[in-house]
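Subject: Handing over the model

Hello,

Here is the structure I promised to pass on to you. Please open it first, and then read my notes below.

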Amino acid sequence: MFKLIERKNNVVKIVDSMMGTSKSTNILKWMDNNPDKRYIYVSPLLTEVDKGGRVHRNLKNVDLEIPSYDGGTKSDSLLDMLKSGDSIACTHSLYLSMTEKHFEVLHTNDYTVIIDEEVNVIDGFDKYSKNDLKWLLEKGDISISDEDGMVSWVGDRGHIIDNHKYRRFLQYCDSKSLYSTKRSETMMCTHLPIKLFDCAKEVIILTYMFKGNILDCFLKLKGFEVQEFINIDCVDIGKERIKKLLTVVPPNKKLMQHSLSSTWFAEANSKDLNEVSNYIRNTCKVYGMTKDDVVWTVPKFRAVKVGNSNKNLIRPVGYSQSSNKETCWLAAQTRATNDYYSKRIMVHCYNRRPLVAVSSYLQDYGHPVDLKVFATSELVQWAWRGCIRDGKPMVLAIGSKRMYEYFIDWLEG
């Protein structure tokens, strides 16, 4: 099995610039001006990297291949492309299936990896129950590193065939993507394989509000040196210009009394939920907005019906669906898409915090996330899906007192 004796790359280059400053556009121009490099462009959205997607439309001198299911799995297709030295466009999820074979070829062929700002380098792991994880620990099939919490498969693997219950778990372990917190062995998270960075010739990450956020903490924990990527220029967007375009609406008196956290929404009664729905509806009406002008956000489990669940949902009368029957709800973590550039009002009713497994893992190993930076960046990224990204006036209503105060702090500099 291929093993790296030492890192080939210990540096991650960062483009830290606000949304709408053309960092994605300019990195694609830089790629086009350097067509002799081998690229892997990683995005969270299939629509961005699939055939006809924005990434391909903006490149003239670089052809990015797309892993497919033809003749096998996408992981097999990715490996074949790496062996051929192709430049590749793919999603974050595909990287969690990478194996030592992929890393060996990645290392040999001197790839430049460009990771879009919206990729979650670290995420929660909920593919298996706590009882499953306890059973694997007690049976001795997995071990956990004291150094960084990495979960390794140490048990017999001969019987784990393609349709085995723990086949996927084994793949996470083999790609060194699975990690456990110190406070609870069964509280786990996944992250992009470190060897994706180790084996690449160059790694460039597009981001915003980097310092103190999850990505910054993650890279520090993993021992990477961070440098500014200086080969592209981004447009300077001043806060004064933003203030002229943006009408910011605070929470009303009723919502001031609620935290609007994920836990609050889980425990909220119908009266509480109606107050959120009414805030969305009334704000839209006050500013003369139609159902085609708005998107709003709350936790998904209070916006989207799952199966036969009778759970009460947020349903602002007249503002639940657009004219073409598409939902007006937009997930709070939505980024990297221009699909909502026509929306003239964005209503944010969700007090954002990192997933517990993610923040716990980073804190347990000495790099706590700045919760204010995280919340503010999440809100700003979400809000900039609307028409303000095109320099048009927009209303932003913020139902959470905490999130509203953070945003005003950001807006005032």
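In which sense do strand β5 and β11 pair, and over how many bridges? Strand β5 (residues 111-115) and β11 pair in the parallel sense, over four bridges. Thr112 is the residue that stands opposite Glu202 in β11.

A word on the source before the rest. This is a predicted model, in which local features need pLDDT of at least 70 and side-chain atom pairs count only at pLDDT 80 or more, while totals for chains, interfaces and linings use all residues. Residues are numbered from 1 along each chain as its sequence is written, and side-chain values use heavy atoms, with hydrogens and water left out.

On terms: helices (H or I, at least four residues) and strands (E, at least two) are DSSP runs numbered from the N terminus, and two strands pair if DSSP finds at least two bridges between them.

Back to β11. Strand β1 (residues 11-16) also runs parallel to β11, joined to it by four bridges, and Lys13 has Ile204 as its bridge partner there.

Next, a helix pair. Helix α10 (residues 214-221) packs against helix α15 (residues 356-364) at about 40°, with the axes 10 Å apart; axes are lines fitted to C-alpha atoms, for helices over the stretch in contact, and angles run from 0 to 180 degrees between N-to-C directions. The contact (heavy atoms within 4.5 Å) is made by Ile214, Cys217, Phe218 and Leu221 of α10 with Val358, Tyr361 and Leu362 of α15.

α15 also lies across β6, β9 and β10, running at about 125° to β6. These strands form an open sheet in the order β6-β10-β9, with antiparallel pairing. β6 (122-124) and β9 (178-180) stand at the edges with a single partner strand each, so one side of each has no neighbour in the sheet. Three bridges link β9 with β10 (residues 188-191), and Ser180 has Met188 as its bridge partner in β10.

Lastly, Ser277 sits in helix α14 (residues 270-286). Ser277 counts as buried because its relative accessibility is 6%.

Best wishes

Methods
Buried < 20%, exposed > 50% of the residue type's maximum accessible area, 1.4 Å probe, protein only.
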